[in-house]
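Work through the following exercises with the sequence and the model open beside you. Try each task before you read its solution.

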There are 4 protein chains.
Amino acid sequence: MAPGKRERILESALRVFARKGFYNAKVSEIASMAGIADGTIYLYFKSKDDLLISLFEDRMDWLIRRLSTELEKCDDIIEKLHRYVFIHLSLALEYPEVAEFITVELRQSAKFVREYANPKFNEYLKILRNLIASGQEEGRLRDDLEPRLVSRAIFGALDELLLTAVLSQRASTEMIDDWASQVSCIFFDGLAKIQP
Amino acid sequence: MAPGKRERILESALRVFARKGFYNAKVSEIASMAGIADGTIYLYFKSKDDLLISLFEDRMDWLIRRLSTELEKCDDIIEKLHRYVFIHLSLALEYPEVAEFITVELRQSAKFVREYANPKFNEYLKILRNLIASGQEEGRLRDDLEPRLVSRAIFGALDELLLTAVLSQRASTEMIDDWASQVSCIFFDGLAKIQP
Amino acid sequence: MAPGKRERILESALRVFARKGFYNAKVSEIASMAGIADGTIYLYFKSKDDLLISLFEDRMDWLIRRLSTELEKCDDIIEKLHRYVFIHLSLALEYPEVAEFITVELRQSAKFVREYANPKFNEYLKILRNLIASGQEEGRLRDDLEPRLVSRAIFGALDELLLTAVLSQRASTEMIDDWASQVSCIFFDGLAKIQP
Amino acid sequence: MAPGKRERILESALRVFARKGFYNAKVSEIASMAGIADGTIYLYFKSKDDLLISLFEDRMDWLIRRLSTELEKCDDIIEKLHRYVFIHLSLALEYPEVAEFITVELRQSAKFVREYANPKFNEYLKILRNLIASGQEEGRLRDDLEPRLVSRAIFGALDELLLTAVLSQRASTEMIDDWASQVSCIFFDGLAKIQP
DNA sequence: TATGAATGAGAATTCATTCAT
DNA sequence: GATGAATGAATTCTCATTCAT
């Protein structure tokens, strides 16, 4: 079992799932894109479902590591939050296929994921939740809001914007920068106009 | 062609799609839940795809009307926004199947919907966008943020929370009230702690 | 039961069968072309098969009567044969739908026809056979050939040319006249060049 | 993909199409007659239609080669024509299923074949047309008749007799010999009695 | 008589998965 | 390990026919 072959299959699956969605993706298309025989996929994955789940875990792991590494570079909690927002949205530019896959399949397979508990996704969300909680503890964020709910709300907003960016297919560095700062602004400062 | 039959089919489709998702739903299951023969569905809808799209349009129309009616009851723009948030989240309690269907299928069929332009969904979003824009014009909301982006962000946050509520299956009136006020608070006032 | 309605159905069936063939023809299309409800067809015909057979019998009857009337106008047996040839080929111009229907469906439903013995078709052939036999008796035609086989051969040749004319869709009076005289010539005089 | 499997499928299709006709033939019946799974047919043919067309082309090719080989054995043009007649009619004895298939499906699919241009059938006809034309050039056949029309007429006559023979199911070598010589006689010498 | 909505048997086709090579 | 031909269960959709009105 060449170790690179598993990754090649995952890479092909990512592209096909992103382009067609799980149900319209054909195993044979993934195989041919990976340059292997159909049957070979079953030496590395139990089933098409298993391939989806494995891919999901793999890419989420990668996202989590990426995020952690980046966040360690910042000290300030508020800066970390800005960074989280930016990193999430940047996926649209840097890894549009991962973005589309995560964005669409995560919903599509909500049912799937229900049984499967989806630990990786929760881990990803947890990073955000911990950020919020830390901010509250440090006295930088209001502490009258539940971190669990706040993090979900932020994730939802980011995910929707990421999907919008990916589907629009004309994301640019400027646009992502702009969106990230506006989103940070919304969440940090709120929409209300401070009456002078 | 009894007009009630079309609605009965849509109702059955809603339940089956919500429970299993479009691709795992069987036309024959929808038919038998509606108490009709398989073929009858094809007298009212061209195909399974058409059934999905029709259901989507139908329920979005209903959502839009419901929302419009409710919003007319409020005068104040801020109150309207609170109301929007509340109405959206309430779906989890009042129409959990609609909530699950909209929440999941809207993503699932992103591709689908891309060609199909999805006017109903845009209309729904537009209500929120117009609310934001009006708030800005009235001087109640900061006008340095794009309504289009703000509305997307809010929608994303609400949609994610709605999905969470539906999937958790233990939503209560209190919980929804609580979530709605917290979300309003986040978006209106922001997360930043005002330094005394 | 308005007597005209049965004929209207047959007329519509003729057009639809001629255009699409029996198996691709839809009963509902025939009904709507006849300006009646689908179910009404079943008040006049037992089934789609019965409609085909009835139509076939009806049009063959009509052909036979038409042929008999025309042939009575000639006295000479040879002239009658020329006339037969001409009348058959003329269908392409005068009743192209009948021509296409007879030409194609007669083969298509060979199986059909096998059980059903097809008396009308035999009657039509019999006219030709009797002509041949009479010609032999009168000493105008060679009597060393079986009339049954000769009539089949002539019918086959005419049928093939009729189909060719119908499918080519550019039959003219001149063309039919020309074909008829050439065919008569072939069968009457033969292809051999008389050595001087 | 064993090359023999494609031929086995064609062979089964031939038998089923000949017995039931294209529209009444079931793919699963063809598959089971070939001793394979239903799906396997679709590894070799795109669709049931494609199977029909492929079978038609394949068998016409075979017919054309068979005919060409046989005709090369004769030198005399008149003898070639006799041979053509005989070979065509012999199908009823030697390959009754091919005879029935060609005879019936060729008409049945006239519409089909119209778009599809049907080059193989034209090629088959062309052999006969060229024979006629050569006969005229050599001065053995009258040259006041169009080869295109003459060949169609002969083909039609032969085809009709072939169908008759196949459907009667009691063709014998003697019968075919007899028919062939009578048909040759008709076409070569004509029906007219030479007045002494 | 006439209607046409409803029926439901039936058929083609797809594609994840297997397994002999 | 790798292959890819073969499998066959599963599913959508069609359309002749019926029957309550």
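Predicted model: local features only at pLDDT ≥ 70, side-chain atom pairs only at ≥ 80, totals over all residues.

**Exercise 1. How many residues does the contact take from chain C and from chain D, and which helix supplies the largest share of the side of chain C?**

Solution. Count two residues as in contact if their C-beta atoms, placed from the backbone, lie within 7 Å; the contact then takes 39 residues from chain C and 39 residues from chain D. On the side of chain C, at least two residues each come from helix H6 (96–108), helix H7 (110–116), helix H9 (147–168) and helix H10 (173–189), where helices are DSSP runs of H or I with at least four residues, strands are runs of E with at least two, and both are numbered from the N terminus. The largest share, 13 residues, comes from H9(C). Sorted by class, this side has 21 nonpolar, seven polar and eleven charged residues; Ala, Val, Leu, Ile, Met, Phe, Trp, Tyr, Cys and Pro count as nonpolar, Asp, Glu, Lys and Arg as charged, and the others, Gly among them, as polar. Finally, 100% of the interface residues of chain C are also interface residues in chain D, so the copies meet through the same surface.

**Exercise 2. Which residues come nearest to DNA strand F, and which helix gives the largest share of the surface near it?**

Solution. A residue is near a strand if its C-beta atom, placed from the backbone, lies within 6 Å of it. Of the 34 residues around DNA strand F, those that come nearest are Ala37(A), Gly39(A), Gly39(B), Ser47(C) and Gly39(D). Helices H2 (27–34) and H3 (38–44) of chain B, the helices H2 (27–34) and H3 (38–44) of chain C, and helix H3 (38–44) of chain D each supply at least two residues of this surface, and the largest share, four residues, comes from H3(D). By class, the surface near DNA strand F divides into 14 nonpolar, ten polar and ten charged residues.

**Exercise 3. Which domains does the domain assignment of chain A give, and how far apart do their C-alpha centres lie?**

Solution. The assignment, which is an automatic or database one, gives domain 1 (1–45) and domain 2 (47–189) of chain A, and their C-alpha centres lie 26 Å apart. Their contact takes eleven residues from domain 1 and 16 residues from domain 2. Helix H1 (residues 3–20) of chain A gives the most to the side of domain 1 that touches domain 2, with six residues, and by class that side has nine nonpolar, one polar and one charged residues.

Conventions
Residues numbered from 1 in each chain as written. Chains lettered and ligands numbered in written order.
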